[in-house]
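Subject: Structure handover

Hello,

Here is the structure for your files. My notes on it follow below.

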Amino acid sequence: MAFNESLAHLLEERRIATLTTFDTNDMPHVTAVWFLFQEGALYIATSGHTEKGRNLARDPRMALCIESREDGREAGLSASGRAELLTGEAATPLARQINGKYLTPAGMEHPVVGPAFAGMSDMVVKLTPQKWISWDMEAMGAELFTPDMSIGDYFYPTLK
């Protein structure tokens, strides 16, 4: 499925994404990550010492899911492909951008907080998606429900 432009806002917002990599037994390893979308690629800051970092160094297959859980407006994007691993000088400015998306300026400049996150970010994973999957419950609801119907009568609220 092609990239759904109507959901591009999910890539710009400060959301937690779900990353899937594969361990040495080819079992999925799923973890929450911070991300940045820039010039058609997704970037994730991590450490080469984490399980996700080690998995990607051995097997570049990965998927990343970003979603919204607003009742009646649930939507999401999933991107998959092969990781490109950036380290050293290639990783440092991108890791700082990613951390700066989630940490306040005070957090970035704090003498303990800023260096702690920088120290956990010696590797940046770049994903140029080969495949996109998207879903949009609001669009689907518009097709299924007439204006006199309340979606809340048919779905339980999403837990937050």
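Which residues lie nearest the centre of the largest pocket? They are Ala45, Thr46, Phe117, Met120 and Ser121, out of a lining of 14 residues.

Before the rest, the conditions. The model is predicted: local features need pLDDT of at least 70 and side-chain atom pairs count only at pLDDT 80 or more, while totals for chains, interfaces and linings use all residues. Residues are numbered from 1 along each chain as its sequence is written, and side-chain values use heavy atoms, with hydrogens and water left out.

Overall fold

The protein chain has six helices and eight strands (DSSP runs numbered from the N terminus: helices are H or I with at least four residues, strands are E with at least two). Their order along the sequence is α-β-β-β-β-α-β-β-α-α-α-β-β-α. The C-alpha trace spans about 55 × 40 × 30 Å along its principal axes. Of the 160 residues, 38% count as buried (under 20% relative accessible area; exposed is over 50% and partly exposed in between, with a 1.4 Å probe and protein chains only). Among contacts (heavy atoms within 4.5 Å) with a separation of 6 or more, 70% are between residues 24 or more positions apart.

Largest pocket

The largest pocket holds about 200 Å³ of space. A pocket here is an open set of points on a 1 Å grid over the protein atoms alone, where a 1.4 Å probe fits, with protein on both sides within 12 Å along at least five of seven lines; lining residues have an atom within 4 Å of a point. Points are joined across faces, edges and corners, and the volume is the space filled by probe spheres set on them. Elements giving two or more residues to the lining are S2, strand S4 (41–46) and helix H3 (92–102). S4 gives the most, with three residues. By type, the lining has eight nonpolar, five polar and one charged residue (nonpolar: Ala, Val, Leu, Ile, Met, Phe, Trp, Tyr, Cys and Pro; charged: Asp, Glu, Lys and Arg; polar: the others, Gly among them).

Aromatic rings

There are three aromatic pairs in the structure (Phe, Tyr or Trp rings, the six-membered one for Trp, with centres within 6.5 Å; planes under 30 degrees apart are stacked, over 60 edge-to-face, the rest tilted). Trp34 and Phe117 are stacked, because their ring centres are 5.3 Å apart and their planes at 15 degrees. Trp34 sits in the loop between strand S2 (28–33) and strand S3 (36–38), and Phe117 in helix H5 (residues 113–119), so this pair ties together parts 83 residues apart in sequence. Trp34 is partly exposed at 25% relative accessible area, and Phe117 is partly exposed at 26%. Phe37 and Trp132 form an edge-to-face pair, since their centres are 6.4 Å apart and their planes at 75 degrees. Phe37 belongs to strand S3 and Trp132 to strand S8 (residues 131–136), 95 residues apart. Both Phe37 and Trp132 are buried. Ring pairs also link Trp34, Tyr102 and Phe117 into a cluster.

Two charged ends sit over rings (NZ of Lys or CZ of Arg within 6 Å of the ring centre and within 35 degrees of the ring normal). That of Arg61 is 4.2 Å from the ring centre of Phe22, and that of Lys101 is 3.8 Å from the ring centre of Phe35.

Backbone

Asp26, not a glycine, has a positive phi of about 65 degrees. Glu39, in the loop between S3 and S4, has a positive phi near 50 degrees.

Regards
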